[in-house]
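Work through the exercises below with the sequence and the model in view, and try each task before reading its solution.

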Amino acid sequence: MTATIWDIMKRKPSSQRSLSSSPSPKMSPGLKTESLRSVSTAASSMEVVPANGQPERPSFSDVVVVGAGPAGLMLADNLVRFGIKTEVVDNRPEMTSTGRADGLQPKTVETLRQMRLAEPLLRKGVKVYDIAFWRSTLKTKLQRTGREIHYPPFVDLLDPYILLVHQGMIEKLFIDDMAERGVGIRRNTAFMDYHYTPEKTMPLEAVCKDNVGQTKKNFGTKYIVGCDGAHSMVRKCLPDSRPEGASHDAIWGVLDGQIDTDFPDFWSKAVISSEERGSVLMIPRERNLTRLYIELKSDAREGTTREELSQDFVMKRAQEIMSPFYLRWKSVEWFSRYQIGQRVASRFTDDVDRVFIAGDASHTHSPKAAQGMNTSMHDTWNLAWKLNFAVRGLAKPSLLATYEQERRKIAQDLINFDYEHANAFANGDSKALAENFRKNVAFISGFGTTYEYNVLNIPSKGLIHGSLTPGCLPPPAKVTRYMDANPVDIQNDIPALGQFRIYFFAHNVHDAKPFLDTVCASHISHSSTVGKITSAGNASYTIQPPLDAPHDGFVCPERYTPVSTVFTYSLVTDMSRNDVEIADLTQVLRDSRWTFYLDDVPEMDTRKQTCIDKWLGGLDTHEVAVVNVRPDGYVGAFRSWPVGTRESGLSAIEWMDRYYEGFMKGH
């Protein structure tokens, strides 16, 4: 069988060895050891100071990621997978061991599925499907006032639950994946400032210090991304970027521990409100742990300052709120206090799109709706693929400009939701809380986060009336993979390799052959913009290949990039398997055989619909459609043509060229 683009990229001569004791990255033939990705393992996180006591010579990378929490690691792991030389600095000595964030929403679970990283968390986490509401007043004892399904059926989800796992488990997932690719975290290293250095090899220089030896360390780089939390140093260095918003008076305590109680909804997510004493949010966790958020109302703190709100004080308050049920701690793993601040940074990037902020560095809010970690990771999920193309010289400036356009809008949407949510909590209004949750449940799940029209999200001019909307996620749909007759979820079957997905839809492949032949022939030649982008992308990935890991052998990325490193091609039809053969397809689609799908299992769908009906609202007998899906899974642009002729194919080539010319470039 002919070697695929992926096979060529990842091959490494056996004589080459990594300069580090970490696992050796695989390289393209002919690359020298000097081009190996930088490796800085946790075991050797201290920087070496030369004998003369002078700072080390600057090191160079494509991207410096500041902060090794979930947002920073989501970004770094994806960049490393794409083959981008990435330096991760973190001022902590080790990853999160206790506490902090703990809930993954359905969209985050889907994202991790697309990265092929979800299984360990699904195996170890706790799935919560419902919410119970309890309330007591000055006149009535504590009683259940209602129960809600966490994600009711009107939200079309494959995973209709919130997955409770410790933040450290999520960090470890990314850290281990990076380590398998030979890249680690530079610990005990604090970011201090950055400078523009147009006269040097790299346009930026990140200035850091080793927290132990206070040794200055400079990193030459093309991009800096601050994922360094609510008190972000990167944000403080970013001109005119400041958090805008307000804080609430209420202080909340947080406890993780093993609990003994006779409370009947102990293994559900539960909101318990006391008119007199405040509220408790109870959430079951992995390893028989339970997290409690305990409101410490200012009028019920008995003059106690924030610093005096001890663990014992907070535990006693929780017991009072939950009376007459008993509440006893067998052990406490983590305790903290926080004050709600709902703020969005005025800017997420500098004037030239070289320095970015993400996660808590760009937005903060209450943690009770389990949004912070999820939104933060999707900030960098949005940014990673854009930086990949920018580093490779394949992106126009308009592509990176969409990061702030898209993610600041989501941050503001989150603050607007959280304001109502936090107020309902503070007021102990279980009805308002339930109503707010129902109204925003799609947004909370992550599938209701939508982007406005821009160069990536183009309104359709076709006659498609299905569920697809540019700037939105496609709903789940079930199809049969032609090659092995496996029923698969079409939106998850193609792994996230940083590539666009181009889906062709047709009732009859034979009738649509002139259309498919015309488009595909153009896309492997220099006669189209898409073909030029493919050519430039393949050249770039050969010089700067992805870093593979042993478990990539089970992902089989070569199945999804047989023609192009930038585009995965897919064909969807509702023909019978007996009426079409791989040999009937044009060469590009023959090579893309693992993404040839039969739309024949509506009974397995969440809505009992075919993919063609669900996504497109159906197709006429001879109609063909093309759907462009972005590397982060969002719908970019789609259109249909009444017949699958060569003339329609030429129109499709021109339409796709116009779309991709808006933000990509070939050489």
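**Salt bridges and a buried strand residue**

The whole structure holds 46 salt bridges, each being a side-chain nitrogen of Lys or Arg within 4 Å of a carboxyl oxygen of Asp or Glu. The model is predicted, so local features need pLDDT of at least 70 and side-chain atom pairs pLDDT 80 or more, while totals for chains, interfaces and linings use all residues. Residues are numbered from 1 along each chain as its sequence is written, and side-chain values use heavy atoms, leaving out hydrogens and water.

**Exercise 1.** Determine which parts the salt bridge between R407 and D379 ties together.

*Solution.* Begin with the pair itself, R407 and D379, whose closest N and O atoms are 2.7 Å apart. Finally, both R407 and D379 are buried, which means under 20% relative accessible area, with exposed over 50% and partly exposed in between (1.4 Å probe, protein chains only).

**Exercise 2.** Describe the surroundings of V225.

*Solution.* First, locate V225 in strand β10 (residues 216–226). Then note that V225 counts as buried because its relative accessibility is 0%. Leaving aside neighbours within four places in sequence, its contacts include V63, L75, F356 and L387, where contact means heavy atoms within 4.5 Å.

Notes. Helix = DSSP H or I, 4+ residues; strand = E, 2+ residues; numbered from the N terminus.
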